[in-house]
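This report walks through one protein model, going from its overall build to single residues. Please keep the sequence and the three-dimensional view at hand while reading.

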Amino acid sequence: AGTRISTYTVQFASPDAGAVDAALASVRGTPGVQGAATSSIAIGGTSVMRVTAGGSLEELAASLRGRGWQVSVGSNALSIKR
């Protein structure tokens, strides 16, 4: 049986363009993540990415914590910060 793939919303602080690139690269490198793409960019504010991953939202949160992010879990969404 294959792993169910889900798409989640992940919010992250984006003080500058470099922070957007760094967050995307980090999330894309997270175990279980199939892909990540920004859906809303707010330089100097909070940007949003859509993350496609195998497993539950809680499993994604745990994987992101393992990569050094502080993670808040919401309704089908995560908020991450360094």
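## Basis of the description

Two strands are said to pair if DSSP finds at least two bridges between them. Helices (H or I, at least four residues) and strands (E, at least two) are DSSP runs, and they are numbered from the N terminus.

The model is predicted, so local features need pLDDT of at least 70 and side-chain atom pairs count only at pLDDT 80 or more, while totals for chains, interfaces and linings use all residues. Residues are numbered from 1 along each chain as its sequence is written, and side-chain values use heavy atoms, with hydrogens and water left out.

## Overall build

The protein has 2 helices and 5 strands, and from the N terminus on these elements follow the order β-α-β-β-α-β-β. The radius of gyration of the protein is 12 Å, close to the 12 Å that the globule rule gives for 82 residues, so the protein is as compact as a globular protein of that length; here the radius is taken over C-alpha atoms, and the rule is 2.2 Å times the number of residues to the power 0.38. Along its principal axes, the C-alpha trace spans about 40 × 25 × 20 Å.

Of the 82 residues, 37% count as buried, where buried means under 20% relative accessible area, exposed means over 50%, and partly exposed lies in between (1.4 Å probe, protein chains only). Taking contact to mean heavy atoms within 4.5 Å, one finds that among contacts between residues at least 6 apart in sequence, 53% join residues at least 24 apart. The accessible surface comes to about 4,300 Å², of which 48% belongs to carbon and sulfur atoms; these areas come from the Shrake-Rupley method with a 1.4 Å probe, and for residues only the protein chains shown count as cover.

## How the strands pair

Strand S1 (residues 5-14) pairs with strand S3 (residues 45-54) in the antiparallel sense over 10 bridges, and within this pairing Phe12 stands opposite Ser47 in S3. Strand S2 (residues 33-40) also pairs with S3 in the antiparallel sense, over 6 bridges; in S3, Arg50 is the bridge partner of Ala37, and Thr52 is the bridge partner of Gly35. S2 and S3 form a hairpin with 4 residues between them, and Gly44 in the turn has a positive phi of about 90 degrees.

S1 and S5 run parallel and are joined by 4 bridges, with Gln11 standing opposite Ser79 in S5. Strand S4 and S5 pair in the antiparallel sense over 4 bridges, and in S5 the bridge partner of Val71 is Ile80.

## The loop at Asn76

Asn76 lies in the loop between strand S4 (70-73) and strand S5 (77-81), and the hairpin of these strands has 3 residues between them. Asn76 has a positive phi of about 55 degrees although it is not a glycine. Most residues other than glycine have a negative phi. At 46% relative accessibility, Asn76 counts as partly exposed.

Phe12 is found in strand S1, and at 1% relative accessibility Phe12 counts as buried. Leaving aside neighbours within four places in sequence, Phe12 is in contact with a set of residues that includes Ala19, Val20, Ala23, Thr38, Met49 and Ile80. The C-alpha atoms of Phe12 and Leu78, 66 residues apart along the chain, are separated by 8.6 Å.

Leu60 lies in helix H2 (residues 57-66) and, at 3% relative accessibility, counts as buried. Not counting residues up to four places away in sequence, Leu60 touches Tyr8, Val33, Val51, Ala53 and Leu78. For one of these, Val33, which is 27 residues away along the chain, the separation between its C-alpha atom and that of Leu60 is 7.8 Å. Ser26 lies in helix H1 (residues 17-28) and counts as buried at 7% relative accessibility; with residues up to four places away in sequence again left out, Ser26 touches Arg67, Trp69 and Arg82.
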